[in-house]
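Please look over the sequence and the structure shown here before reading the report that goes with them.

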Amino acid sequence: MKSLEMIDQELHLVIDGSLDALAVEIMRPRFNSLVQDQADVVLDLQQVNFIDSSGIGAIVFLFKRLRALDRNLRLQGVHGQPRELFQHLHIDQSINMI
């Protein structure tokens with residue numbers, strides 16, 4: 001995780017490295033704090049080259065929690081293996097990827 005900043009009424013979180021079980025465990029408190037804030041969320045995954053089921057699960061769980069609060073989650077810069085996995089699982093049809 002690199003940075004968190006507010007841009008145009010949205011919280012932008014830049015994630016770098018792999019989004020695997022270890023990374024998810026480390027990021028869990030940050031994801032929980034995103035839900036507590038009152039803004040939509042953009043996850044910048046430009047620097048993420050690998051994601052596993054733990055990473056997918058964490059993003060889907062964050063999406064559902066935000067949706068329950070009538071807020072949005074968008075994924076930015078998704079490429080390579082993460083993009084292929086999101087498309088294969090049809091998650092790109094539910095979560096906006098820009």
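This is a predicted model: local features need pLDDT of at least 70, side-chain atom pairs count only at pLDDT 80 or more; totals for chains, interfaces and linings use all residues.

In soluble globular proteins, nonpolar side chains tend to be buried together.

Phe 86 can be followed in detail: leaving aside residues up to four places away in sequence, Phe 86 touches Leu 45, Ile 51, Ile 56, Ile 59, Leu 75, Val 78, Ile 91, Asp 92 and Met 97.

## Helices H1 and H2

How do the axes of H1 and H2 cross, and within what distance do they come? The two axes come within 10 Å and cross at roughly 10°, and because angles under 35 degrees count as roughly parallel, H1 is described as roughly parallel to H2.

On the side of H1, the contact is made by Ala 21, Val 24, Phe 31, Asn 32, Leu 34, Val 35 and Gln 36, while H2 contributes Ser 54, Gly 55, Ala 58, Ile 59, Leu 62, Arg 65 and Leu 66. Sorted by class, the residues of this contact are nine nonpolar, four polar and one charged.

## His 12 in strand S2

His 12 lies in strand S2, and it counts as buried because its relative accessibility is 12%, where buried means under 20%. The side chain of His 12 makes a polar contact, at 3.4 Å, with the side chain of Glu 10. When residues up to four places away in sequence are not counted, His 12 touches Ser 3, Leu 4, Glu 5, Ile 7, Val 42 and Gln 76.

## Two loop residues with positive phi

Most residues other than glycine have a negative phi. Asp 70, in the loop between H2 and S4, has a positive phi near 60°. With a relative accessibility of 71%, Asp 70 counts as exposed.

His 90 also has a positive phi, near 65°, and is placed in the loop between helix H3 (80–88) and strand S5 (96–97). His 90 has a relative accessible area of 47%, and is therefore partly exposed.

Notes
Residues are numbered from 1 along each chain as its sequence is written. Side-chain values use heavy atoms; hydrogens and water are left out. Contact means heavy atoms within 4.5 Å. Helices (H or I, at least four residues) and strands (E, at least two) are DSSP runs, numbered from the N terminus. Buried means under 20% relative accessible area, exposed over 50%, partly exposed in between (1.4 Å probe, protein chains only). Axes are lines fitted to C-alpha atoms, for helices over the stretch in contact, and angles run from 0 to 180 degrees between N-to-C directions. Angles under 35 degrees count as roughly parallel, over 145 as roughly antiparallel, 65 to 115 as roughly perpendicular and the rest as oblique. Ala, Val, Leu, Ile, Met, Phe, Trp, Tyr, Cys and Pro count as nonpolar, Asp, Glu, Lys and Arg as charged, and the others, Gly among them, as polar. A polar contact is a pair of N or O atoms within 3.5 Å; within protein, one must be able to donate a hydrogen and the other to accept it, and residues adjacent in sequence count only if both atoms are side-chain atoms.
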